[in-house]
Amino acid sequence: MADQGWVASFNSSVLNQLVQDAMTSNRDLRAAAARLTEAQALARQSGAGAFPTLDAELGTRADGNGSSRSGVVAGLGVNWELDLWGRVQGQRMAAGYEAVAAEAIFEAARQSLAAAVTLAWIDVNGNARALEIARQELTARQSLLNSVEARIEAQEILAVEGNSARADVSRARDRVIASEAAVANGLRVLEVLTGRYPSGRLNAVTGLPALPGRVPVGLPAQILERRPDIIAAERQVAAAFYRRSQAKAAQMPLVSLSGDITRRHGGLTPDGLVWSLVGNIFAPIIDGGRRAEEVNIRTARQQEALALYGAQALTAFREVETAIADEAALRRRLTLLNSAARELEQAVGTERQRFEAGELEAFRLNDLRVRYYAALRDAHAVRVALLRNRVELHLALGGSFVTEVPAPAASQQDLASASQTD
């Protein structure tokens, strides 16, 4: 069900391996797998009610009528509820749909984990690039400080300009330390997601991937039908229909057949075998309205499931539309910020030459450098946001960009049969 092929679109073998490690070692995913196993077992257990039960009995018996006869008692007992009103069938179908919903929820957990690993990997490499920019800025500001101190010593400029340059160096060092901490913390997040000890030493810094291609136009709305959370919500609707049918059938008389064959004293002779066959009808008469209220409860839950399904669908459409719109805006912003950074880089180079020639004061060059590195950081932040937004878009779509869409998750025939039972 889950499509994680989009991870390969980032062209990183390291990322692919990290996602695979998370799928096999993430503790939260293991817990989700255990919940899925439980839901599937409950579904199979509910299905057992449609079949007869057969019990064996083995014991000893002594008669106290003066004859002191004793012996082994062995027997078989069978019991079978005749599902005339569809109660057992409703219970069985509801549990089956709930199990399929649990499978979809598990697939949603797998997709969310793949997205979380990818986002953490992008953040780590984004912070690593931010660290490079911070170190470049520190080197530039240290160089400027050296020039300022030399000119102060030559009494070409006032000493106050040295105070300003040293403060700028301290701030640049602070950004380096903060970026180093961000990289280490991001690596710990990745380590926990992939089931490792959070040492902050994972080798995952490979550089940011190339920007993704543009979103294909004309994505079909039906692509949302493969989203696991949408599938789970739709299956919950079907389960709610059958739970209501089960509650309505519970108001009807219960018909069952039971019988047993017992061997006593005399072995397998006709005198030693006792058998019985009983038909039972249990009809509720007065229960304080419990069964009627159960129908009302199930009806309300059915309406709730329908409303949640509609809300989930609208949320899915909003997430897709938002991600597509954000990508367009981020691409425009990145173009403008890259242009601004290039222009400021040229200006810094020119003004640096003027400063060294004594034609420009230090604060003028410093002002340009502040603007240049701010533009560089802004452009980098937008690039990271663009990569993150692409992950969010794939998560919203339920996978990669595809043209083939699976069949609708719910069966209209099943829903119709449930409504007819009502």
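Modeller: Let us start with Arg 331, which is buried at a relative accessible area of 15%; buried means under 20%, exposed over 50% and partly exposed in between, with a 1.4 Å probe and protein chains only. This is a predicted model, in which local features need pLDDT of at least 70 and side-chain atom pairs pLDDT 80 or more, while totals for chains, interfaces and linings use all residues. Residues are numbered from 1 along each chain as its sequence is written, and side-chain values use heavy atoms, without hydrogens and water.

Colleague: With which residue does Arg 331 form a salt bridge?

Modeller: Side chains of opposite charge can pair when their charged atoms come close. Here the partner of Arg 331 is Glu 327, with 3.4 Å between the closest N and O atoms (the criterion is a Lys or Arg side-chain nitrogen within 4 Å of an Asp or Glu carboxyl oxygen). Glu 327 is likewise buried, at 3%. Both residues belong to helix H6 (residues 290–356), four residues apart, or about one turn of the helix; helices are DSSP runs of H or I with at least four residues, numbered from the N terminus.

Colleague: How many salt bridges does a search of the whole structure find?

Modeller: The search finds 18. In one of them, Asp 123 meets Arg 388 at 2.8 Å, N to O. Asp 123 is in helix H3 and Arg 388 in helix H7, so this pair ties together parts 265 residues apart in sequence. Asp 123 is partly exposed at 29%, as is Arg 388 at 28%. Glu 180 and Arg 135 form another salt bridge, at 3.2 Å between the closest N and O atoms. This pair joins helix H4 to helix H3, across 45 residues of sequence. A network of salt bridges links Glu 137, Arg 141, Asp 168, Arg 175 and Arg 377.

Colleague: Which residues have the most contacts inside the largest nonpolar core?

Modeller: In soluble globular proteins, nonpolar side chains tend to be buried together. The largest core here has 34 residues, and Val 117, Ile 122 and Leu 190 have the most contacts inside it; a core joins buried Ala, Val, Leu, Ile, Met, Phe, Trp, Tyr and Cys through side-chain atoms within 4.5 Å. H3 gives the largest share, twelve residues. Leaving aside residues up to four places away in sequence, Leu 190 touches several residues, including Leu 18, Val 117 and Trp 121 (contact: heavy atoms within 4.5 Å). Another core, of 24 residues, lies apart and includes Ile 133, Val 148 and Tyr 372.

Note on methods:
Helices (H or I, at least four residues) and strands (E, at least two) are DSSP runs, numbered from the N terminus.
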